[in-house]
Amino acid sequence: MGFNAFSGASGQDFSDLLKNTRGYAGAADASRAAAEFPAESLDAITGPERRWSWVEIDLSAIRHNVAVAKRRLSPGCRLMAVVKANAYGHGAVQVAKTAISAGAAQLAVATVNEGVQLRRAGIEAPILVLSEPPASAIPLLLHHNLMPSVYTVEFAVAYGEIADLHGVRAPFHLAVNTGMNRIGVRFDEAVEFLRQIAFHRALEQVGTFTHFATADCAETLDFNIQLRRFKETVEAIRAAGIDPGLAHCANSAAILRYPETHMDMARLGISLYGFHPCPETRGYFDLHPAMSVHARITAVNTPPMSEGVSYGMNYRSTGSVKICAVPVGYADGYVRALSGRTSIIYAGHRCRQVGNICMDQCMFEVDLRSHGTYRRLDPHVGDEVLLVGSQNGAAVTIEDLCDLLDTIPHELCCGFSARMPKVYLR
Ligand SMILES: *Cc1c(COP(=O)(O)O)cnc(C)c1O
């Protein structure tokens, strides 16, 4: 299991969590001395050795997905890797470095902190913050060379003034609202907005972008309205004698489905991680999911017939099953609404997850009757299982779980990385 790096909760480098975990002369029990171990030997205990559950991230899949997107992009169109929310749970620093080395030109994050984290890791590629932060964060933008999205005059002027005071440029991307009605200057007010802030010499417009609300939907009317409004806005900015910088509007769905959206740059999010933005792209693009979810069996029980399992006991044993516990629960992103509806892969077989998923643990059932050509399964404590992934042709995908939960891979991926350590495959 070639793991060589860990990172964990909310964008923190997990190695920090793994360090300095030596015993302390705890006030709670001052009478008991802490056991002494060399600090290195404690630090050397990896995440999956501390708790038998982890998320594996296959970085070769990230490289592959960048290549798939780049092959699709129109000539001259730059690729921006969207690594917000800790790279959709995959680990922002690892994914950003991998995407850049595979040919992504720029990075996008959602928050100032996410940008700072990438800079602290030594990443030098241009980084766009996908919304306008509060003006109080401007020193961080300028210090770490992060480009904000801009759509209020107040922010733009404050940004330009602080940059000017420090003798530096204030690069920004203008966010244009073409119909999603989330953020941005309304498309027909963009030129007027730019004229209002034009007096500020430090401000430098390096990009103009919009975001589609329906690029992944079957219906194309609203999408086409947004695209037309964006292209007209970029033209109007040029016609007013203002350089719009890099024009970009495509997300994953638009990159794969609509080459006419590629323009100067395109923002690859969910498909960077190997997921199809919509059913329409399946079969046309060979994307590889990078994330799989692993655990080891922590307990095996053989309850007599009709005894229940887990909170509420809404599952009852047939008497010919073993019940295996694994240390993954809804606090690890294994959403409780999946209870009794999904499978866990053990020894190449899909086994029914049974009983309510608990906060930190869940159970699955191994049928002890030999069935078909399968050999009888004999689960033991310490055996590895897969909650998401594939083995010997048995598969549970994030998309399977999304179908059950009526959600999108973005949400489930973020959840799985909330607490479990990550193990990177190169
Ligand atoms: C998240 C985001 C993206 C990436 O979208 P995907 O559908 O995941 O490719 C692109 N642009 C903006 C503005 C975003 O917020």
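The model is predicted: local features need pLDDT of at least 70, side-chain atom pairs count only at pLDDT 80 or more, and totals for chains, interfaces and linings use all residues. Residues are numbered from 1 along each chain as its sequence is written, and side-chain values use heavy atoms, without hydrogens and water. The pLDDT is the predictor's confidence in each residue, from 0 to 100. Its average over the protein chain is 93, and 91% of the residues score at least 70. Over residues 1–13 pLDDT stays under 50.

Strand S18 has antiparallel partners; strands pair if DSSP finds at least two bridges between them. Strand S15 (residues 321–326) is joined to S18 by 6 bridges. Here Cys324 stands opposite Phe364. Strand S17 (residues 349–354) is joined to S18 by 2 bridges. Val354 has Met363 as its bridge partner in S18.

Phe364 also belongs to the largest nonpolar core, of 121 residues. Such a core is a set of buried Ala, Val, Leu, Ile, Met, Phe, Trp, Tyr and Cys residues joined through side-chain atoms within 4.5 Å. Val83, Leu118, Phe364 and Phe416 have the most contacts inside it. Helix H4 (residues 59–72) gives the largest share, 6 residues. Beyond four places in sequence, Val83 touches residues including Ala92, Leu107, Leu118 and Tyr273 (contact means heavy atoms within 4.5 Å). Another core, of 7 residues, lies apart from the largest one, and Val321, Ile323, Ala325 and Val354 are among its members.

The largest pocket holds about 820 Å³ of space. A pocket is an open set of points on a 1 Å grid over the protein atoms alone, where a 1.4 Å probe fits, with protein on both sides within 12 Å along at least five of seven lines; lining residues have an atom within 4 Å of a point. The lining comprises 42 residues, of which His211, Asp216, Asn251, Ile408 and His410 are closest to the centre. Helix H5 (84–88) and helix H14 (409–416) are among the elements giving two or more residues.

Ala85, in helix H5, has a positive phi of about 50° although it is not a glycine. Its relative accessibility is 35%, so Ala85 counts as partly exposed.

Terms used:
Buried < 20%, exposed > 50% of the residue type's maximum accessible area, 1.4 Å probe, protein only. Helix = DSSP H or I, 4+ residues; strand = E, 2+ residues; numbered from the N terminus. Points joined across faces, edges and corners; volume = space filled by probe spheres on them.
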